[in-house]
Amino acid sequence: MTKMASPRAFLLLPFLIFHALSQPESSIAPMEKTEQEALYMVIQGFVGQRWNGSDLYPDPCGWTQIQGVSCDLFDGLWYVTALSIGPILENSLECTEKSEFSPLLFQLKHLKALSIFDCFSSREQTSLPSSNWEKLAESLENLDLRSNQGLVGGIPANLGQLRNLQALVLVDNSLVGELPMELGNLIQLKRLMLSGNRFSGQIPASLCNNLSQLLILDLSRNSLTGSLPSSLCGLSSLLKLDLNSNRLHGSLPPGLGNLSHLTLLDLRNNSLSGVPSKSLVGMESLQVLLLSYNPWGGSLLEFEWKNLRNLTTLDLSHMGLEGTIPETIASLKRLRYLALDNNHLSGIVSSKLAALPSLTALYLNGNNLTGKLEFPERFYRRMGKRFASWNNPNLCCNAAAMATGSAPHGVAQCEQAQEPSTDGSSAKDGVDDRNPDQNSGLLTSPLFPASSISGFWWGIVVQEVMVMFLLVMLL
């Protein structure tokens with residue numbers, strides 16, 4: 001016998017119909033046919049021909065969304081606005097060994113963001129498309145290609161036509177050649193990150209002339225040569241400047257201090273020289289200053305430390321610095337990391353460094369520092385292995401730190417100065433009842449001075465003398 005439907009089901013029916021009719025148009029909106037086919041072909045170019053998008057994802061912006069694909073409505077139709085390829089999330093689209101850029105990429109006319117991570121293998125190399133980037137000039141805002149060892153060749157000059165681009169990130173690829181001056185046309189750019197490639201040649205001046213909105217400039221870990229262009233000084237909005245591990249030489253531009261908003265300056269591992277102090281005046285926002293492994297030379301006394309009061313990290317190791325460590329460094333109350341190792345620094349180490357409230361690492365090893373380390377034991381315990389002062393031959397540590405085992409590694413104990421006693425003898429010559437060999441102050445004679453015979457043996461000598469005296473009297 002068939003059961004009758006519950007009266008409650010009929011009561012719910014109007015609400016279900018109302019809910020279905022009230023759904024926004026976006027949940028049932030169609031996707032333009034050419035856009036959909038272009039999306040399938042672009043993804044196939046990266047993940048391989050076996051990927052059948054039309055069967056797996058018949059509605060790629062609707063109920064069968066593709067991981068890494070974002071869409072938006074334009075005139076009632078779905079269009080792709082973001083495409084991310086590579087093993088980023090668990091269900092992300094992963095590339096085949098023969099990945100390539102499909103020409104249909106440039107038909108995605110509303111594409112705002114393109115990200116390709118760890119896709120192009122070194123066994124099957126490919127290069128960036130040399131043309132058609134102008135077709136994405138109105139839409140593309142973010143181009144991010146990272147960790148693609150098989151991505152070779154240079155940066156096409158045609159990229160300079162992406163006038164709305166805000167982020168150009170080409171990091172840890174195998175790109176080569178000189179940086180095209182056309183990159184200076186990307187006037188909306190806020191992030192330019194080209195680190196970890198094989199770029200060569202000089203930094204083009206045009207790169208900085210028009211990029212007034214640039215916040216991050218990272219050209220590190222390449223083979224760039226020449227000196228720093230003075231046009232860098234005009235990037236007044238810059239927050240981060242990273243040029244480490246290149247082949248740059250010469251001195252810093254005098255106007256570099258005009259970058260008053262800069263929080264990080266990394267120039268490590270280059271061949272820069274000269275006195276950088278005047279170039280750093282005005283960088284009051286600077287928090288991280290990394291200049292190590294450059295043949296600067298000169299003295300720390302030439303730096304205007306009082307103007308860098310926001311510093312948290314300071315690395316000046318392997319710079320050929322000479323002279324003493326100025327006490328003004330101890331005025332940098334926010335300093336957490338200080339590396340002055342492997343220079344030619346001399347003189348004593350100020351105990352005021354131990355009073356820096358935030359300091360967690362201090363490296364002074366490999367210099368010519370002298371005198372006694374006057375840091376308290378609690379400082380050594382707090383720092384542990386993050387304090388290094390070895391390879392300073394004339395530097396020593398007090399006995400108290402040695403006794404508690406908190407003394408720094410590789411530093412000898414200071415020699416104890418002998419204090420004269422009231423009777424003119426040294427302190428170590430005092431009487432100690434526990435040692436029979438201590439001098440005794442009993443009897444002295446021109447024949448056996450007390451200063452040359454111990455108290456224990458002096459008694460034996462006295463006995464022998466008395467015996468000889470008695471024998472003489474009896475005779």
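These legends describe several close-up views of a predicted model.

**Figure 1. Overview of the predicted protein.** The protein has 475 residues, and buried residues make up 43% of them. Its secondary structure comes to eight helices and 26 strands. Of the contacts with a separation of 6 or more, 56% are between residues 24 or more positions apart. A search of the whole structure finds three disulfides. When the bonded cysteines are numbered in sequence order, the pairing reads 1-2, 3-4, 5-6.

**Figure 2. The disulfide between Cys-61 and Cys-71.** The two sulfur atoms of Cys-61 and Cys-71 are 1.9 Å apart. Cys-61 lies in the loop between helix 3 (53–56) and strand 1 (69–74), and Cys-71 lies in strand 1, so the pair ties together parts that are 10 residues apart in sequence. The torsion about the S-S bond of this pair is about -60°, and the disulfide is therefore left-handed. Cys-61 is buried, with a relative accessible area of 5%. Cys-71, at 21% relative accessibility, counts as partly exposed, because the range for buried is under 20%.

Figure 3. Asp-59 is buried but has no salt bridge. The nearest side chain of opposite charge belongs to Lys-33, 11 Å away. A polar atom of the Asp-59 side chain lies 3.2 Å from the backbone nitrogen of Trp-63. Leaving out residues up to four places away in sequence, Asp-59 touches Thr-64 and Gln-65.

**Figure 4. The disulfide between Cys-95 and Cys-119.** In this disulfide the sulfur atoms of Cys-95 and Cys-119 are 1.8 Å apart. Cys-95 is in the loop between strand 2 (77–85) and strand 3 (113–117), whereas Cys-119 is in the loop between strand 3 and strand 4 (126–127), so the pair ties together parts that are 24 residues apart in sequence. The torsion about the S-S bond of Cys-95 and Cys-119 is about -100°, so the disulfide is left-handed. Cys-95 is partly exposed, with a relative accessible area of 21%. Cys-119 counts as buried at 5% relative accessibility.

**Figure 5. The disulfide between Cys-396 and Cys-414.** The sulfur atoms of Cys-396 and Cys-414 are joined at 1.9 Å. Cys-396 lies in strand 25 (residues 394–397) and Cys-414 in the loop between strand 26 (412–413) and helix 8 (455–474), so the pair ties together parts that are 18 residues apart in sequence. With 90° about its S-S bond, the link of Cys-396 and Cys-414 is right-handed. Both Cys-396 and Cys-414 are buried.

**Figure 6. The five-stranded sheet that holds strand 25.** Five strands form an open sheet in the order 19-21-23-25-26, with parallel pairing. Strand 19 (322–323) and strand 26 stand at the edges with a single partner strand each, so one side of each is left without a neighbour in the sheet. Strand 23 (residues 368–373) is joined to strand 25 by four bridges, and the two run parallel. Gly-371 stands opposite Leu-395 in strand 25, and the bridge partner of Leu-373 in strand 25 is Cys-397. Strand 25 also pairs with strand 26 in the parallel sense, over two bridges.

Figure 7. A disulfide requires the sulfur atoms to be within 2.5 Å. Cys-397 is buried, with a relative accessible area of 0%. Cys-208 is in no disulfide either, and the nearest cysteine sulfur, that of Cys-233, is 9.0 Å away. Cys-208 counts as buried at 3% relative accessibility.

Conventions
Residues are numbered from 1 along each chain as its sequence is written. This is a predicted model: local features need pLDDT of at least 70, side-chain atom pairs count only at pLDDT 80 or more; totals for chains, interfaces and linings use all residues. Side-chain values use heavy atoms; hydrogens and water are left out. Buried means under 20% relative accessible area, exposed over 50%, partly exposed in between (1.4 Å probe, protein chains only). Lys and Arg count as positive and Asp and Glu as negative; His and the chain ends are not counted. A salt bridge is a side-chain nitrogen of Lys or Arg within 4 Å of a carboxyl oxygen of Asp or Glu. A polar contact is a pair of N or O atoms within 3.5 Å; within protein, one must be able to donate a hydrogen and the other to accept it, and residues adjacent in sequence count only if both atoms are side-chain atoms. Contact means heavy atoms within 4.5 Å. Two strands pair if DSSP finds at least two bridges between them.
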